[in-house]
2 protein chains.
Amino acid sequence: MKLRDPLDHALGHPNSRYSVNTPALILDLDALERNVARMAATMTSFGRALRPHAKSHKCSRIAQLQIGAGAAGVCCATLDEAEVMAACGLRGILITSPVTTRDKIDRLMALVAYAPDTMIVVDNARNVEALSQAAQSSGALLAVLVDIDLGFGRTGVLSYDAVEELARRILAARGIRFAGLQAYGGHLQHIPEYSVRCEKTRAAADFVAGAVERLRACGISVPLISGGGTGTHAIDGQAGPFTEIQAGSYIFMDADYNAVAYNTADSWPFEVSLLVQTAVTSSNVAGTVTVDAGTKALALNGPRPQVATPSLAGSTYEFSGDEHGRIKLAANCDTPPLGERIELVASHCDPTIAHYDVYHCVRGNTLVAVWAIDARGRRGPLPTAAGC
Amino acid sequence: MKLRDPLDHALGHPNSRYSVNTPALILDLDALERNVARMAATMTSFGRALRPHAKSHKCSRIAQLQIGAGAAGVCCATLDEAEVMAACGLRGILITSPVTTRDKIDRLMALVAYAPDTMIVVDNARNVEALSQAAQSSGALLAVLVDIDLGFGRTGVLSYDAVEELARRILAARGIRFAGLQAYGGHLQHIPEYSVRCEKTRAAADFVAGAVERLRACGISVPLISGGGTGTHAIDGQAGPFTEIQAGSYIFMDADYNAVAYNTADSWPFEVSLLVQTAVTSSNVAGTVTVDAGTKALALNGPRPQVATPSLAGSTYEFSGDEHGRIKLAANCDTPPLGERIELVASHCDPTIAHYDVYHCVRGNTLVAVWAIDARGRRGPLPTAAGC
């Protein structure tokens, strides 16, 4: 296959996919929509809810698409993401990390006044107390989930005793209500071998099921049990205690998930919809070209970005500093000319996206929309007087 | 030393350093100003010009500070950075990577019409031709430097023959003029041992000196020879062909440069002025706390971020996903409470900064200004009709 000439495209078609300012995120809307529909159908078939994670896309427009396909709400990793989602009309927000500074707790109360069904997780009795005090001051009723650590050692409580103690504290406190449990195994999602991932995921789910039993034995009902991700959604969906799944990356896919087996028989039901488009800036070293995407354009975690441009099949990308990458050309590839556009599958989609301000949305080779990554970034308070 | 209580600070002082929205970039203006002054004085003592690199700070306000201290202009890694700098009144812009797509060449000509002393590098005869054609169409006279590869294999020409050929093509072409040479050794800056860095830097400088001789023997004058960085500025400043140094990171410093010996006798004359402030979100695992800064808040390249908060001396940071980090507490440290602010020295400053929208500028514990990182990010053309 001959590489399309990007200059002709850009000149002939002002709405060309190849007219964007490189490096740029390209989002294939057809593939995105298929991924959204497939996950929605899968969760329906399992009889579970889906509350997709916005930490991946940080884009209210995509969250709306997921809600339109039946999602129960939207997960957010940060208060900043949640504020943007709420302001854009999204509801059913679950903030999946504890909010612990005084400033953020105050902001959380303002958010709950605006979007009353917003939920937060806790893993610490002092945080329960702080949330209760703030909620009482603001007159809010905040829904709180107890966060369970599935062995990652990041956030969450470690024992059934701690689950019960925190649930009881929440039930006893004013201004907050006990909404259920969260248990997310970030360390489980990318285990490459399906059998290992399956075994560890089921063990984790059993641990969560035990926590639910413990609470129910105490007469405490557990309306919501939220967890799971793209890597474990089909395991957690088939069996186990989760009432809803928090998957995020499935809408995009990346080199990270491309290196993970879906199961023992099938390939992933999700397509790569997200690419980083870069352009050739130098070609003086035989067998390689330099492109304008480096560590400020592609996250370093996960496997290396993959070359997606069909005519360069077999070529590989390597980082060459903050602003540059090197494409090692496969033996049968012609050297692409200066300015040629090359598209890459991101290493890990979430932190790659966090580098950009917009998605360049395409259908085929046509640029059809530009969607703001409106929940990226954060801005603190301005000083009240100039003093610099 | 007792850790300051961030909540008291935030409550007592609305302009507290500890009132920012974590994770956040903290910029110590006193240290920044000392770094700017020290590099300016060093370059004056060497009799060389300084054209500091804006790829590090991406902030017109800091570029203005450097110009105020005598800098000859500003280097930019991308056209996007250059456009912002020019729009903010900066002049003497050198774009240090080739610009090769048709769209960007057109934008470059618009930039040169606006800021006529803007310079660009080339490493390819076809790019010379494209720039010349565009310059003739636009009526601009564009200053062009030949980029020399010092062994990094990223951009630049590889031989004296190629230097001479490109210089002659530039001299023969209309719309562009030959302004000199660029030779930047990105691979030299972070060599930890001074003797090795010195030896390789001098060998690279000798190669550049040979290129200058070759051109002068052809009767071609070489007004500008631009190169060097923070890691080699004192070596390239003391001897060798460079008329100006492109250092960028010296204003901030980072864990990367903290791991590099300044020379055989002295410590770095530059202080760490840039910190990432993060807050404790969880503390259920003995000997550790979880903080709200992960791979979306701190670049992964370079050594691990370093804990800078004095009361946590000896504690270490490790990444724990995109949104979280783990602080392993030194044996003698009390566990900091939830919400406590902890400050970190960035792994590598440039790609860390590219994650943020603003610097929170402090003097001591007082937040005195918020400076936009106005040259981060990029936005492509909007589609001319809705079609999504």
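This is a predicted model: local features need pLDDT of at least 70, side-chain atom pairs count only at pLDDT 80 or more; totals for chains, interfaces and linings use all residues.
**Exercise 1. Which residue in the turn between strand 13 and strand 14 of chain B has a positive phi?**

Residues are numbered from 1 along each chain as its sequence is written, and chains are lettered from A and ligands numbered from 1 in the order in which they are written.

*Solution.* 
- Step 1: find the elements. Helices (H or I, at least four residues) and strands (E, at least two) are DSSP runs, numbered from the N terminus. Strand 13 of chain B covers residues 316-319, and strand 14 of chain B covers residues 325-328.
- Step 2: check the pairing. Two strands pair if DSSP finds at least two bridges between them. Here strand 13 and strand 14 of chain B run antiparallel and are joined by 4 bridges, with Phe319(B) opposite Gly325(B).
- Step 3: look at the turn. The two strands of chain B form a hairpin with 5 residues between them, and Gly321(B) in the turn has a positive phi of about 105 degrees.
- Step 4: look at the other neighbour. Strand 11 (residues 288-291) of chain B is also joined to strand 14 of chain B by 4 bridges, again antiparallel. Val291(B) stands opposite Gly325(B).

**Exercise 2. Describe how helix 5 of chain B packs against helix 6 of chain B.**

*Solution.* 
- Step 1: take the geometry. The axes of helix 5 (residues 79-87) and helix 6 (residues 102-114) of chain B come within 11 Å and cross at roughly 20 degrees.
- Step 2: name the angle. Angles under 35 degrees count as roughly parallel, over 145 as roughly antiparallel, 65 to 115 as roughly perpendicular and the rest as oblique. Helix 5 and helix 6 of chain B are therefore roughly parallel to each other.
- Step 3: A crossing is left-handed if the near helix is turned anticlockwise from the far one by less than a right angle, and right-handed if clockwise. Helix 5 of chain B passes helix 6 of chain B in a left-handed crossing.
- Step 4: list the residues. Leu79(B), Ala82(B), Glu83(B) and Ala86(B) of helix 5 meet Lys104(B), Arg107(B), Leu108(B), Leu111(B) and Tyr114(B) of helix 6.
- Step 5: sort them. Ala, Val, Leu, Ile, Met, Phe, Trp, Tyr, Cys and Pro count as nonpolar, Asp, Glu, Lys and Arg as charged, and the others, Gly among them, as polar. This contact of helix 5 with helix 6 of chain B has 6 nonpolar, no polar and 3 charged residues.

**Exercise 3. Repeat the analysis for helix 8 and helix 9 of chain B.**

*Solution.* 
- Step 1: helix 8 (residues 160-172) and helix 9 (residues 194-217) of chain B pack at about 45 degrees, with their axes 10 Å apart. That makes helix 8 of chain B oblique to helix 9 of chain B.
- Step 2: the crossing of these two helices of chain B is right-handed.
- Step 3: helix 8 contributes Tyr160(B), Val163(B), Glu164(B) and Ala167(B), and helix 9 contributes Gly210(B), Ala211(B), Arg214(B) and Leu215(B). By class, the contact has 5 nonpolar, 1 polar and 2 charged residues.

**Exercise 4. Find which element of chain A gives the largest share of the side that touches chain B.**

*Solution.* 
- Step 1: 74 residues of chain A are in contact with 74 residues of chain B.
- Step 2: strand 17 of chain A gives the largest share of that side of chain A, 5 residues.
- Step 3: the side of chain A that touches chain B divides into 28 nonpolar, 32 polar and 14 charged residues.

Technical notes:
Axes are lines fitted to C-alpha atoms, for helices over the stretch in contact, and angles run from 0 to 180 degrees between N-to-C directions. Two residues are in contact if their C-beta atoms, placed from the backbone, lie within 7 Å.
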